Every structure is written in structure tokens, then in C-alpha cells.
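Have the model open as you read the points below.

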Amino acid sequence: MPIPQALAPVVDLIFPPRCPLCGEGLLAQTGLCGTCWQELVIPGEPACGLCQRPFAEDMPAGLHCAPCLAQPPRHDGIAAGTIYNEPSRRLVLALKHGRRIALAPMMARLIAARLSFVGEGWLAVPVPLHRWRLWHRGFNQAPLIAREIGKTTGADLGVDVLVRRKPTRSLGGLGRKARARTLSGAIAINPLRAEQVRGARVVLVDDVLTSGATSDACVSALKRAGAERVVIACFARVLDEVLPG
Ligand SMILES: [Zn+2]
Ligand SMILES: [Zn+2]
């Protein structure tokens, strides 16, 4: 459970706030020290007009990156808080396994900085984790980040809009087609929420965006259900596309 705001000073007294990356003492439980902060890579311009992948060199606005040209995306943009690197990986792991839930608002603020167009009338939907894996891992961070994004932007939280119908094996080591096959039919709209999705503008939230196979399956399910726009939001975006699962 998140720490209620009123209890935060008490918690700080018992567990003096430290930088989650280097252990440096901090004034509050919710951030990083200045040095580690600078190690986060914030995606900037110029970037692909479809997926916001940063270009290495200066390019005219509106160009599209090679992956988008090869296969036009079904989503309506990707808002990444950071580019995946060692510090952002460690933050994700601290939230995921170390249960540093106090990190979620900071991570969500970094993402929300790229979501200035999102506000009331939008729906923040976390990428679903199958119940078995939820139990196995004990903790699901995507809804936590989605809730914070909702608080920051004014979007409604649709925590159970997407559901996993079957457990999927790890996608690590699989090619693009094999990933798509593994995921096809695995992610669906919760029938109880179908009405909410029709015509909706959706922010699809995850902690890390890797190959995009999982988010593609989510985007397809949302669009099939009539979502008008689906923007993917993640804390750490992997750019080289080659990742251990
Ligand atoms: Zn630090
Ligand atoms: Zn692109």
C-alpha cells in the first residue's frame, strides 16, 4: 500500500530517506540525489513524428523513424519518461522487487511531463499482468504508475480495463512474429469496461517498454473495442530493441 501523505514524515523518521540508486541521504523519500538524477536520460527532440523515438542527429520535424516506416504503428504516440539505461533499470527494479512504492509518483511525474495533452476525459489503463504472475511476483507496478499519472494529469484510472486471458511465457529470446503469436488472444478488454473504452482517449501505462509486442497487443485490443486514441506511456523506453526478457 502507498504511504498516506499524513504518515510520510513519520515514515521518514523511521526510515531516513535515501537515494534509491546510491544511498545518499535525501530531504524526502520521493526522489533521487542530484548526481543520480543527472544520469537519467530524458528523451528529447528531434524525434520520430509517430513514435517519438529520438533521432541521433538533427533532422527536420515530422520525419518518421525506420521501425515506423517498416511497420506503421497502431498507437498514437509513445510518451517515455526516460530512455532505458542502467539507472532507470535499477529504479524499475527498486519499484518492482524492492517495493520502493514511494518512487511511483516521481516516475509518473517524469512520464506526465510528456503528456501535456492528456487531461480530463482521458483514461489511464495499465498493461495487465496475468494473475499467476501477479501472485508469483507479488506486486504489479503498472497500475501504481497509472494511478499516479491519473492524479497528475486528471485522467480517469481504468485499472481493470485490460485483462490477460492466459498466462504467457517470457518473451525473451523470441522474434517479432513469435512474440505476436504468443500474445495474440492473451490480452482482452474486460467486458464490464467495454462501454468505457468505446470512443475513449487512452493512455496505456507500463514501467518498461521493450519490443512493443505486449503494448501492441494492448493497443489492438483497445482499438478493436473502439478507442479513439491510444498513447503509450512508459517510464523507461528500450531503444535498441534487444533485451533479455
Ligand atoms: Zn544517488
Ligand atoms: Zn517512429
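1. How are the donor residues of the zinc ion (ligand 1) spaced in sequence? They follow C-x2-C-x10-C-x2-C, where donors are N, O and S atoms within 2.8 Å of the metal (3.2 Å for Na, K and Ca), with water not among the atoms, so sites may look incomplete.

2. A word on the basis: this is a predicted model, in which local features need pLDDT of at least 70, side-chain atom pairs count only at pLDDT 80 or more, and totals for chains, interfaces and linings use all residues. Residues are numbered from 1 along each chain, chains are lettered from A and ligands numbered from 1 as written, and side-chain values use heavy atoms, without hydrogens or water.

3. The SG atoms of C19, C22, C33 and C36 coordinate the zinc ion (ligand 1) at 2.3 Å. The site is tetrahedral, with angles of 105 to 117 degrees among the four donor atoms (four donors count as tetrahedral if all angles lie between 85 and 135 degrees). C19 is buried at 3% relative accessible area, and C33 is buried at 7% (buried means under 20%, with a 1.4 Å probe and protein chains only).

4. C48 and C68 are both buried.

5. Do look at H75 too: H75 is buried, with a relative accessible area of 10%. A polar atom of the H75 side chain lies 2.9 Å from the backbone nitrogen of G77. H75 also touches residues including L50 and C51 (contact means heavy atoms within 4.5 Å).

Note on methods. Buried < 20%, exposed > 50% of the residue type's maximum accessible area, 1.4 Å probe, protein only. Polar contact = N/O pair within 3.5 Å; in protein donor to acceptor, adjacent residues only side chain to side chain. Tetrahedral: all angles 85-135°; square planar, octahedral: opposite > 155°, others 65-115°. Lists of a residue's contacts leave out its neighbours within four places in sequence.
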